[in-house]
2 protein chains.
Amino acid sequence: MELYGERGFEQTTVAEIAERAGLTERTFFRHFADKREVLFGGSDAVRDALVEAVAGAPEPASPLAAVGAGLMAFAEVLETERGRTFARRRQRIISSNDELRERELIKLATWATALADALRRRGVDEAAARLAAEVGVAVFKAAFERWVATTRGPKLPELVQESLDGLNALATAGSARTPAAAR
Amino acid sequence: MELYGERGFEQTTVAEIAERAGLTERTFFRHFADKREVLFGGSDAVRDALVEAVAGAPEPASPLAAVGAGLMAFAEVLETERGRTFARRRQRIISSNDELRERELIKLATWATALADALRRRGVDEAAARLAAEVGVAVFKAAFERWVATTRGPKLPELVQESLDGLNALATAGSARTPAAAR
């Protein structure tokens, strides 16, 4: 990923990536389908972890609380394991390339679908499951963008929690049609 | 679009589309950048209409209420002008082709960005603007999917309103951590 940052995603070849990592191209392709996968490795694992967290949320949890539990767990992992510096670097590469931005959006859409399925398996009806899943991913996206926008500032789990709470304020204010600060 | 339905998006050529529409290929390309644009024509106009509705929402409206006003206005137009049959046919073509699904996700992401900008221009702070915009698009997406899933059933504006109200229930139940039906 360093290479993408140094010379741009388009300009970097698989041969160069393999060399920097001390691998043969053959070994590279055993781990990644293509150049893009370097930036999206692990996204299936995240999806599975989110689904597991939704499935394991305590029985009385509302659909959004169940999704929120999954997102919070993931936020904790991101904060510690990869860290903001990694996420910021990755985000910069992705936002400078249309193809990668598309891939990122697909990743999020896949998570939403998996979350909705997990909610349905908890007995949540179709419409509520879809809504809670889409909204959950939207909340996460908004929090993540705030997280990678600065080097300091609140940690990701705090931002996710703040977005979940902010959603509450947004929705309440919206339905009452009264002026209100949104957070 | 009929042709896409009949023989699949990949198999349809621009020459065939032009012929069916009684146009030359040259004229086709004056109106559409490529084959995909046939399915996404007007999405910039929608974005502009959403932005205008947000800008024109009554001053005391909360961020989500302003976004909701835009989405409701768009839902009314879709319900009358193009109709569910058109939308269902379009959706079937899009979901059967990865490239088109990506394009659809990009369209929605573009709308979210435009909505967030429009909210910022109303004086909404960065974080709340981004959150309300992303959540608004998520709400619309969930409602739209329910709309195109059946030939009968509630109209799109009703479904959008129901999703906005459902969001309220989701959020409240989620924050209170109590069991609740989500809609």
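Good morning, colleagues. The model is predicted, so local features need pLDDT of at least 70 and side-chain atom pairs count only at pLDDT 80 or more, while totals for chains, interfaces and linings use all residues. Residues are numbered from 1 along each chain as its sequence is written, chains are lettered from A and ligands numbered from 1 in the order in which they are written, and side-chain values use heavy atoms, with hydrogens and water left out.

I begin with chain A. Its secondary structure comes to 9 helices and 0 strands; helices (H or I, at least four residues) and strands (E, at least two) are DSSP runs, numbered from the N terminus. The order of elements from the N terminus is accordingly α-α-α-α-α-α-α-α-α. The C-alpha trace of chain A spans about 55 × 35 × 30 Å along its principal axes. Of its 183 residues, 51% count as buried, where buried means under 20% relative accessible area, exposed over 50%, and partly exposed in between (1.4 Å probe, protein chains only). Among the contacts in chain A with a separation of 6 or more, 62% join residues 24 or more positions apart; contact means heavy atoms within 4.5 Å.

I turn to helix packing. Two packed helices are described by the angle between their axes and the distance between the axes. Axes are lines fitted to C-alpha atoms, for helices over the stretch in contact, and angles run from 0 to 180 degrees between N-to-C directions. Angles under 35 degrees count as roughly parallel, over 145 as roughly antiparallel, 65 to 115 as roughly perpendicular and the rest as oblique. A crossing is left-handed if the near helix is turned anticlockwise from the far one by less than a right angle, and right-handed if clockwise.

How do helix 8 of chain A and helix 8 of chain B cross, and at roughly what angle? Their axes come within 8 Å and cross at roughly 155 degrees. The two helices are therefore roughly antiparallel, and their crossing is right-handed. On the chain A side the contact includes Leu131(A), Val135(A) and Ala138(A); on the chain B side it includes Leu131(B), Val135(B) and Ala138(B).

Within chain A, helix 7 (residues 98-121) packs on helix 8 (residues 126-149) at an angle of about 140 degrees, with the axes 8 Å apart. That angle makes helix 7 of chain A oblique to helix 8 of chain A. The crossing of these two helices is right-handed. Trp111(A) and Leu115(A) are among the residues of helix 7 that take part, and Val137(A) and Phe140(A) are among those of helix 8. This contact comprises 12 nonpolar, 1 polar and 5 charged residues.

In chain B, helix 5 (residues 43-56) and helix 7 (residues 98-121) pack at about 25 degrees, with their axes 9 Å apart. These two helices are therefore roughly parallel to each other, and they too have a right-handed crossing. Contributors include Val46(B) and Leu50(B) from helix 5 and Trp111(B) and Leu115(B) from helix 7.

Next, the cores. A nonpolar core is a set of buried Ala, Val, Leu, Ile, Met, Phe, Trp, Tyr and Cys residues joined through side-chain atoms within 4.5 Å. The largest such core has 88 residues, and Val135(A), Phe140(A), Val160(A), Val135(B) and Val160(B) touch the most other members. Leaving aside residues up to four places away in sequence, Val160(B) touches Leu71(B), Met72(B), Ala75(B), Val139(B), Phe140(B) and Ala143(B). A second, separate core of 13 residues includes Met1(A), Ala18(A), Ile94(A) and Leu100(A).

Leu159(A) lies in helix 9 (residues 156-176) of chain A and, at 2% relative accessibility, counts as buried. Its C-alpha atom is 5.3 Å from that of Ala143(A), 16 residues apart in sequence. By contrast, Arg152(B), in the loop between helix 8 (126-149) and helix 9 (156-176) of chain B, counts as exposed at 68%.

Thank you.

Technical notes
Ala, Val, Leu, Ile, Met, Phe, Trp, Tyr, Cys and Pro count as nonpolar, Asp, Glu, Lys and Arg as charged, and the others, Gly among them, as polar.
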